[in-house]
Amino acid sequence: MITYEKHSYNCSQYAIERVNQLRNLDIKFTTGSEWQVSFIRLLRSDFTEIFQPVDGCVVVMSQKTGGLHLGVYENYGVTHNYKPNSGAGSVIISDIGTINAEYKRVRFYDHNKAI
């Protein structure tokens with residue numbers, strides 16, 4: 001089981017690690033408590049928003065509380081390192097219907113930089 005650790009291994013680390021594996025990339029960004037700012041910069045420079053998900057794209061989920069959550073679309077589902085309000089977190093697979101119901105806004109981004 002892949003665990004969830006807020007400052008050392010959260011949804012952002014999992015998502016980028018998985019995109020790197022699926023796409024044979026070496027994307028890096030600042031992790032820790034400031035990951036959202038670093039990731040937004042990376043997203044704007046290296047990714048393009050797409051309207052239908054493709055395997056290996058990043059799924060950006062806007063939480064109802066205002067924060068971001070990241071996952072990766074693969075095999076008709078979204079894999080993401082998820083921590084519920086209570087209990088331990090881990091990587092789970094959710095279908096798009098569940099993702100759309102749980103999050104305020106869902107967007108898909110495909111990597112656009114040459115290797």
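Take the contacts in the protein chain between residues at least 6 apart in sequence: 53% of them join residues at least 24 apart. Contact here means heavy atoms within 4.5 Å. Before going further, keep in mind that this is a predicted model, where local features need pLDDT of at least 70, side-chain atom pairs count only at pLDDT 80 or more, and totals for chains, interfaces and linings use all residues. Residues are numbered from 1 along each chain as its sequence is written, and side-chain values use heavy atoms, with hydrogens and water left out.

**The overall layout**

The protein chain has three helices and six strands. Both kinds of element are DSSP runs numbered from the N terminus, with helices being H or I over at least four residues and strands being E over at least two. Walk along the sequence and you get the pattern α-α-β-β-β-β-β-α-β. Of the 115 residues in the protein chain, 46% are buried. Buried means under 20% relative accessible area, exposed means over 50%, and partly exposed is in between (1.4 Å probe, protein chains only).

The six strands form an open sheet in the order 1-6-2-3-4-5, with antiparallel pairing. Two strands count as paired if DSSP finds at least two bridges between them. Strand 1 (47-50) and strand 5 (90-94) are at the edges with a single partner strand each, so one side of each has no neighbour in the sheet. On average, neighbouring strands of this sheet are turned by 35° against each other, direction ignored. That angle is between axes, which are lines fitted to C-alpha atoms (for helices over the stretch in contact), and angles run from 0 to 180 degrees between N-to-C directions.

| Strands | Bridges | Example pair |
|---|---|---|
| Strand 1 and strand 6 | four, antiparallel | Phe47 and His111 |
| Strand 2 and strand 6 | five, antiparallel | Val60 and Arg107 |
| Strand 2 and strand 3 | six, antiparallel | Cys57 and Tyr73 |

How many of the seven residues of strand 6 are buried? Six are, so strand 6 is largely enclosed by the rest of the structure. As a general point, side chains in a regular strand alternate between the two faces of the sheet.

**The helix and the cores**

Helix 1 (residues 11-23) lies across strand 2, strand 3, strand 4 (77-82), strand 5 and strand 6 (105-111), and runs at about 25° to strand 3. Glu17 and Ile27 are 10 residues apart in sequence, and their C-alpha atoms are 8.1 Å apart in space.

Ile27 also turns up in the largest nonpolar core: of its 16 residues, Ile27, Phe39, Phe47, Val58, Val60 and Leu70 touch the most other members. Helix 1, helix 2, strand 2 and strand 3 each supply at least two residues of this core. Which element gives the most to this core? Helix 1 does, with four residues. There's also a second, separate core of 10 residues, which includes Ile50, Cys57, Met61 and Tyr103. A nonpolar core, by the way, is a set of buried Ala, Val, Leu, Ile, Met, Phe, Trp, Tyr and Cys residues joined through side-chain atoms within 4.5 Å.

**Some residues to look up**

Start with the cysteines. Cys11 is buried at 3% relative accessible area, and Cys57 is buried at 0%. The structure holds zero disulfides, a disulfide being a pair of cysteine sulfur atoms within 2.5 Å.

Next, find His69 in strand 3. Is His69 buried or exposed? His69 is buried, with 5% relative accessibility. Its side chain makes a polar contact of 2.8 Å with the side chain of His80. A polar contact is a pair of N or O atoms within 3.5 Å; within protein, one must be able to donate a hydrogen and the other to accept it, and residues adjacent in sequence count only if both atoms are side-chain atoms. Leaving out residues up to four places away in sequence, His69 touches several others, including Cys11, Val60, Met61 and Tyr103.

Finally, look at two asparagines in loops. Asn24 lies between helix 1 and helix 2 (35-46), and has a positive phi of about 55° although it is not a glycine. Asn24 is exposed, at 63% relative accessible area. Asn75 lies in the loop between strand 3 and strand 4, and has a positive phi of about 55°, again without being a glycine. At 62% relative accessibility, Asn75 is exposed.
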